[in-house]
Amino acid sequence: MSDKLSLANIFTPGMIIPRNKRWRLYGYGRPGQQLTVSYAGIVQVAHVDENGKFALTMKPLDLNSAFKIIVQSNDVRVEIDQVRTGTVFLFSGQSNIEFRLRNASTYQETLSSFPTLHARFFEVPQLEYQYKDGRTLPADIRPAKWIDITENSCGEMSAVGFYAVAEFQREHPDEWIGVIDCYKGGTSASSWVLTDDLSQNEKLKSAYLDTYHKAVDGKTTADFDTEAELFWKTVDKHNKDLAVFQAQHPDVSLSDAKNIVGHTPWPPPMRPESYLRPGGLRETMIEPIIRYSISTVIWYQGENDTDNAQLYDQLLQLLITTWRRDMSDYSVPFYVVQLPGYADGEGSTWATIRQAQLKITQQLPYTHLVSFADTGEEHNIHPTNKKPVGYRLGRLIANTGYSATPILRISSWTDNQLELVASSTMKLVVRGEMPEFTVNNGIKTQTVLPNISGNQITISGDFSQVRYEDTNFPHLTIFNENGDPVSPVLLNREV
């Protein structure tokens, strides 16, 4: 770290800060150095600490024009121009939120009728590992900058994020929007939290930290290289075998083909510098931005935690609470995206992840569930049409109506009848076939038809458990008046 005055990499020209919210400016300098920070007619003073760092809490602003931030000491001056106030979103998670707009099936259509946007995005560099000597993985990591979202730049954005921003802008046409993209495909949520925090939960420690150490402790670089070589040979053989099988059996679906040939091997063997390691991306990608002031966080992840699906509620809760702690903002809204349908998940793991996402958004304050469970493709984990889900997300985060997916809650449950009420709706709407609920009385399981009136659902009978489309690939038929699906649910009667 140089003792030359510099700001954290996210502070570049064109940056967006949250409107009417305290925000933070931080960076590096010479220990003991006094700094003067001026912006929008305000002057504040900061001091560099003994570790060569400084951080300054700035006053809330509500400006309709661009302004400049000037940080200076006796001998150095740093300027950031074209700064705006607005709404700042952090989009984070794994591959489905990372999926680029240029790869979406609607990309060309979007370019031909590009929306009017007052928006900029900042993509956090996907730094996987940093050695003590300063070398990085990958080696060609370049500093990011704030970029106007235009026809020329939008292709590199998250497709879901782009369509969410477009819809948010339609609802708030005069607002400036800042997007921070921070994602990495194939990752567990355990990669996005600190190992010290993981270690405080015995079950998470055992599932993630202990498993990691069993995989890497006592091995040499040669051992890791040999494991990696064998893994990629296995992947190559699988891909060739699958291609041969599909050529010989063109009428067999991809799902059935994989059930015969086998699914693509994943994840690769663990090694100390793997970005899949517990805490890895929390250190390399979240740490540089965790103190930047955010208006709203969107978290879209879960696909890679199906091996420990029964622990996902604890893992998700840990992520939200520790991020809020490190942001020094315990009320920053989190929008948790509930996974889309995918039939090829092992057992009922995708359904279990969805119930964990539902549970945590009901338990933690300022959290909202956005269900995509009525979307997805049966045998494709990466659907290419992100437009409908992005627009749904944008409408909900715009907060001009409902701010979450409809959720069924117990109103009353007697020996003969269960009454449920749905949030985020005045009137439930059935699309297609009449929905069926699966009930169990401890002896047998059967399906029953509910009675739906307004935002209430009544199910008659004596049973102790009820499910609504609690499967990996659900077929949802109950929606609110805006077309948002009622979340799949699993409810147990308290004795």
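Start by selecting helix α11: its buried residues pack against β8 (77-93), α3, β14 (296-300), β15 (334-338) and β16 (367-371). Here, buried means under 20% relative accessible area with a 1.4 Å probe, protein chains only, and contact means heavy atoms within 4.5 Å. Helices (H or I, at least four residues) and strands (E, at least two) are DSSP runs, numbered from the N terminus.

A word on what you are looking at: this is a predicted model, where local features need pLDDT of at least 70 and side-chain atom pairs count only at pLDDT 80 or more, while totals for chains, interfaces and linings use all residues. Residues are numbered from 1 along each chain as its sequence is written, and side-chain values use heavy atoms, with hydrogens and water left out.

**Stop 1: along α11**

Show residues 387-398, the 12 residues of α11. From first C-alpha to last, α11 reaches 16 Å, close to the 16 Å expected at 1.5 Å a residue, where the expected span is 1.5 Å times one less than the number of residues. Now colour V389, G390, R392, L393, G394, L396, I397 and A398, which are the buried residues of α11.

**Stop 2: V165 in α3**

Next, pick V165 in helix α3 (residues 159-171). Is V165 buried or exposed? V165 counts as buried because its relative accessibility is 1%. Leaving aside residues up to four places away in sequence, V165 touches F91, L117, A119, I177 and V179.

**Stop 3: the largest pocket**

Select T264, W266, P267, E303 and N304, the closest to the centre of the largest pocket among its 42 lining residues. The volume of this pocket is about 1,300 Å³. A pocket is an open set of points on a 1 Å grid over the protein atoms alone, with protein on both sides within 12 Å along at least five of seven lines; lining residues have an atom within 4 Å of a point. Volume is the space filled by probe spheres set on the points, which are joined across faces, edges and corners. Highlight α5 (202-216), which gives the most to the lining, with 5 residues.

**Stop 4: the second largest pocket**

Finally, centre on N9, Y28, L127, Q130 and P288, the closest to the centre of the second largest pocket out of 32 lining residues. About 970 Å³ of space lies in this pocket. Show β1 (6-7), β3 (23-28), β10 (129-130) and α8 (280-286), each of which supplies at least two lining residues.

How values were computed:
1 Å grid on protein atoms, 1.4 Å probe; cavity = no way out; pocket = protein on both sides within 12 Å on 5 of 7 lines; lining within 4 Å. Buried < 20%, exposed > 50% of the residue type's maximum accessible area, 1.4 Å probe, protein only.
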